[in-house]
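Student: I would like to go through this model by question and answer. Please keep each answer brief.

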Amino acid sequence: MQVFKNTGVVAGSSLDHGHYQVILSNAEPSKLRALRKFREEKGYSFAGFCSRSVSEDLVVKEYDTARILTPPWMRKPLEVVIATKDLGKERVSELSSQEVRDFAAATSDITRVLKRVMPAMEKDYAFNLMLYSGKGIGTLHAEIVPCTQITGGSEHAGLWICQSSPTLSTEIYREWFEKLRL
């Protein structure tokens, strides 16, 4: 099963209202295969790697049971990963009610900030949100990738040239979290 949300036309949304898409298929999504392979080869989950590899200056916000992180390898400005602090939870059904609340709050808070920061950057409010959950991936997590930069030729070839830095993106988020008192 895949769960994702596209907000804004430039992010692939064909409907004006906000909605999530859930796709059930007998074919395993390639991203889940990659997450399982990562866990098998490294001995820890991708979200665990994110949590361990980022320094405090790349933590956007902490919740009791979840955190928002700027990945040091971000492909586009303002890209974030939301992960539970319990790195052994793979499915939504395994989360406690507090973990569900914190994960939902983190998702809601980021999208509220994006709704203000993207127009301030003269960008349409548009992003992709992907939720990764499943047996063998190690840690439930979400990626939010705002449409902040045009995809060029190098990106089509798999080479990402980000027009910002992880530290700057984290600082932008922190400033807006403070402005909005989130």
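Student: How many helices and strands are there in the chain?
Tutor: The model is a predicted one. Read along the sequence, its elements follow the pattern β-β-α-α-β-β-β-α-β-β-α-α. Counting by type, the chain has five helices and seven strands.

Student: What percentage of the residues in the chain is buried?
Tutor: Buried here means a relative accessible area under 20%. The chain has 182 residues, and the buried share of them is 46%.

Student: What share of the accessible surface of the chain belongs to carbon and sulfur atoms?
Tutor: The accessible surface comes to about 9600 Å². Of this area, the part that belongs to carbon and sulfur atoms is 52%.

Student: Are H3 and H5 roughly parallel or roughly perpendicular to each other?
Tutor: Helix H3 (residues 97-120) packs on helix H5 (residues 166-179) with axes 10 Å apart and an angle of about 105°. Angles of 65 to 115 degrees count as roughly perpendicular. H3 and H5 are therefore roughly perpendicular.

Student: How many residues of the contact of H3 with H5 are nonpolar?
Tutor: H3 contributes Asp-109, Ile-110, Val-113, Leu-114, Arg-116, Val-117 and Ala-120, while H5 contributes Ile-172, Tyr-173, Trp-176 and Phe-177. Two of these contact residues are charged and none is polar. The nonpolar ones number nine.

Student: What separates the C-alpha atoms of Arg-75 and Ser-164?
Tutor: Arg-75 sits in the loop between strand S4 (66-69) and strand S5 (80-84). Its relative accessible area is 27%, so Arg-75 is partly exposed. Arg-75 and Ser-164 are 89 residues apart along the chain, yet their C-alpha atoms are separated by 9.1 Å.

Notes. Residues are numbered from 1 along each chain as its sequence is written. This is a predicted model: local features need pLDDT of at least 70, side-chain atom pairs count only at pLDDT 80 or more; totals for chains, interfaces and linings use all residues. Side-chain values use heavy atoms; hydrogens and water are left out. Helices (H or I, at least four residues) and strands (E, at least two) are DSSP runs, numbered from the N terminus. Buried means under 20% relative accessible area, exposed over 50%, partly exposed in between (1.4 Å probe, protein chains only). Accessible areas come from the Shrake-Rupley method with a 1.4 Å probe; for residues, only the protein chains shown count as cover. Axes are lines fitted to C-alpha atoms, for helices over the stretch in contact, and angles run from 0 to 180 degrees between N-to-C directions. Angles under 35 degrees count as roughly parallel, over 145 as roughly antiparallel, 65 to 115 as roughly perpendicular and the rest as oblique. Contact means heavy atoms within 4.5 Å. Ala, Val, Leu, Ile, Met, Phe, Trp, Tyr, Cys and Pro count as nonpolar, Asp, Glu, Lys and Arg as charged, and the others, Gly among them, as polar.
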